[in-house]
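Please look through the structure below together with these notes, which are meant for a reader who is new to it.

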Amino acid sequence: CDRTGMRPFDGGYIRNASEVGNAAVFSQGVIQAVDVFGLRAAGESDPFFAYNVKVCLLGLGGMMYLDATTAPREPQWLGTSSEGMYTCGLVPRAGTVVLVGGSAPVPTLSPLQELTDCRIESNVDGLRFRKSPDTTSQIIGLLVTGDTYPATARQGEWFRVRAQSADGWVNADYVTTSGNCGG
């Protein structure tokens, strides 16, 4: 910070929360911020990534993410790792990644509910099939629209399914359920 209390950002200065995009993020003490986006082969912007993108920012702290594909852009805490003097997190889509002085609250997980008679059908082509029930977890595959998969458990808004000879998790917002799928 300089003597005016403003923080340097890409050659300019952050003067208020609207420049970061959300007052809740700004109140955590912004250290750095970067916009992350993808490009198609023709050079056009693409907000959707085939896999999570690792973003590392110089400094130690928590990492928040504002998804560019949603409105309003609600801040989410990212799971992070430290690599030397860098804080790293995985970003699922285009958006703004902000390194802040605060730290993520300890998550409270919904109880795991085992299922015996539940099937899910993907509503979107390329539905991300993840290692754990979290948008920042590793993508282990993509599911096809219209295909049906057995769901063996539910944790909050996530279903554990058996697909591609593996167990993984999909978000309930992108599937249609049949059978006894809990709730």
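1. Gly62, Met64 and Leu66 point one way from β7, whereas Met63, Tyr65 and Asp67 point the other way, and all are buried, that is, under 20% relative accessible area with a 1.4 Å probe and protein chains only. Strand β7 covers residues 62-67 and is mostly covered, with six of its six residues buried; strands here are DSSP runs (E, at least two residues), numbered from the N terminus.

2. This is a predicted model, in which local features need pLDDT of at least 70 and side-chain atom pairs count only at pLDDT 80 or more, while totals for chains, interfaces and linings use all residues. Residues are numbered from 1 along each chain as its sequence is written, and side-chain values use heavy atoms, with hydrogens and water left out.

3. Strand β7 runs antiparallel to β11 (residues 95-100), and six bridges join the two; strands count as paired if DSSP finds at least two bridges between them. Within β11, Val98 is the bridge partner of Met64. Strand β7 is also joined, by three bridges, to the antiparallel strand β8 (residues 75-77), where Pro75 is the bridge partner of Leu66.

4. The loop between β16 (158-163) and β17 (166-171) holds Gln164, and Ser165 has its place in that loop as well. Phi is near 55° for Gln164, a positive value in a residue other than glycine, and near 60° for Ser165, again a positive value in a residue other than glycine. Ser165 counts as exposed because its relative accessibility is 69%, the cut-off for exposed being over 50%.

Key
Helix = DSSP H or I, 4+ residues; strand = E, 2+ residues; numbered from the N terminus.
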